[in-house]
Amino acid sequence: MHLVQVDAFTTHPFSGNPAAVAVVDSMPDDATMQQIAREMNLSETAFVTPSGEDWALRWFTPTAEVELCGHATLASAHVLWTDQHASQTDDLTFETRSGSLHCRRIEDAIAVDFPAGITEPAEAPNGLLDAIGLSDAYEVHHDGSRWLVHVDDPDSVRFARPMFSDILRITRDKVMLTAAATNDDPYDFVSRFFAPSVGVNEDPVTGSAHCTLGPYWSRVLGKDEVTGYQCSARGGTVVVRPMGERVELRGNAVTVCHIDIMASAVAS
């Protein structure tokens with residue numbers, strides 16, 4: 001099996017969010033895909049196979065299959081185009097556990113159409129703010145599977161020191177920590193994303209989180225399009241255009257390396 005490792009939501013290798021992409025004739029069994037994802041040890045490994053005129057796509061962390069992954073979808077589109085599995089002039093449709101996702105090229109960037117995440121004000125579970133490393137929050141929201149914790153100071157996001165074991169003890173939901181950027185920044189908001197319940201303590205750049213963060217900050221800032229910077233150690237930028245029940249995410253991707261897994265290992 002041949003895999004391509006891609007850094008997504010960046011124009012520079014060794015930044016953004018790495019994903020491994022395997023383009024296969026047919027999907028391996030679930031156990032094999034999970035073993036490969038564990039071996040790759042990246043936040044997500046994507047498996048892509050032809051499905052009529054479209055493509056079937058599944059995503060695995062080292063410990064679990066996930067319902068939606070933005071950066072590995074971007075990486076998959078990048079691989080299909082750059083490795084000539086699909087014409088560079090073709091739009092792509094991926095059939096996934098979250099429905100149909102559409103990708104198109106916009107100059108040197110890739111645009112991905114995703115379902116929007118809608119938040120409601122909520123009360124944080126007891127101890128969650130302490131576990132993130134906060135004394136308080138401006139607002140707390142929930143989108144059904146993720147906590148959105150809005151703080152006043154972007155430095156509180158950048159320098160937070162979460163206790164992942166405590167987060168996991170308090171909630172199985174993921175956590176988005178976010179703040180408005182300063183006037184000097186070339187983006188609108190900053191964020192970090194914690195997901196210890198699926199084996200990813202901190203995700204470098206999270207497309208699916210921006211499906212919720214983008215519409216939230218669009219409402220807060222009164223802007224039709226917003227740019228987020230996920231200030232993890234690797235860092236990456238996501239442009240978000242809310243479209244009602246959908247959002248369009250834009251970003252870049254860079255191939256870093258090619259990896260072959262021995263046939264005997266896949267068969268075992």
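In strand 18, His-258 is the bridge partner of Val-4. Strands here, like helices, are DSSP runs numbered from the N terminus, with at least two residues (E) for a strand and at least four (H or I) for a helix. The model is a predicted one, in which local features need pLDDT of at least 70 and side-chain atom pairs count only at pLDDT 80 or more, while totals for chains, interfaces and linings use all residues. Residues are numbered from 1 along each chain as its sequence is written, and side-chain values use heavy atoms, with hydrogens and water left out.

**Strand 1 and its partners**

- Strand 1 covers residues 2-8, and six of its seven residues are buried; buried denotes under 20% relative accessible area, exposed over 50%, and partly exposed the range in between, with a 1.4 Å probe and protein chains only.
- Strand 1 pairs with strand 18 (residues 253-260) in the antiparallel sense over seven bridges, where pairing requires that DSSP find at least two bridges between two strands.
- Strand 1 also runs antiparallel to strand 2 (residues 17-23), to which six bridges join it.
- Within strand 2, Pro-18 is the residue that stands opposite Asp-7.
- The loop between strand 1 and strand 2 contains Phe-9, a residue that has a positive phi of about 60 degrees although it is not a glycine.
- Phe-9 counts as buried because its relative accessibility is 3%.

**Strand 17 and its partners**

- Strand 17 (residues 246-251) has five of its six residues buried, so it is largely enclosed by the rest of the structure.
- Strand 8 (residues 109-115) is joined to strand 17 by six bridges, and the two run antiparallel.

- Met-40 belongs to helix 1 and counts as buried because its relative accessible area is 14%.
- The C-alpha atoms of Met-40 and Gly-235 are separated by 20 Å, and these residues are 195 residues apart along the chain.
- Asn-41 is placed in the loop between helix 1 (30-40) and strand 3 (44-51).
- Although Asn-41 is not a glycine, it has a positive phi of about 60 degrees.
- Asn-41 counts as exposed because its relative accessibility is 58%.

**Nonpolar cores**

- The largest nonpolar core has 49 residues, and Trp-59, Leu-92, Phe-94 and Phe-114 have the most contacts inside it; such a core is a set of buried Ala, Val, Leu, Ile, Met, Phe, Trp, Tyr and Cys residues joined through side-chain atoms within 4.5 Å.
- Helix 2 supplies the largest share of this core, namely seven residues.
- A second, separate core has 21 residues, including Ala-131, Val-140, Trp-147 and Cys-231.

**The largest pocket**

- The largest pocket holds about 470 Å³ of space.
- A pocket is an open set of points on a 1 Å grid over the protein atoms alone, where a 1.4 Å probe fits, with protein on both sides within 12 Å along at least five of seven lines; lining residues have an atom within 4 Å of a point.
- The volume is the space filled by probe spheres set on the grid points, which are joined across faces, edges and corners.
- The lining has 29 residues, of which Glu-67, Leu-68, Arg-146, Lys-174 and Ser-208 lie nearest the centre of the pocket.
- At least two lining residues come from each of strand 5 (65-66), helix 2 (70-82), strand 13 (189-195), strand 14 (200-203) and helix 6 (207-221).
- Helix 6 gives the most to this lining, with three residues.
- By class, the lining has 12 nonpolar, 10 polar and seven charged residues; Ala, Val, Leu, Ile, Met, Phe, Trp, Tyr, Cys and Pro count as nonpolar, Asp, Glu, Lys and Arg as charged, and the others, Gly among them, as polar.

**Cysteines**

- The count of disulfides is zero, a disulfide being a pair of cysteine sulfur atoms within 2.5 Å.
- Cys-69 is in no disulfide, and the nearest cysteine sulfur, belonging to Cys-211, is 10 Å away.
- Cys-69 counts as buried because its relative accessibility is 4%.
- Cys-257 is in no disulfide either, and its nearest cysteine sulfur, that of Cys-69, is 17 Å away.
- Cys-257 is partly exposed, with a relative accessible area of 26%.
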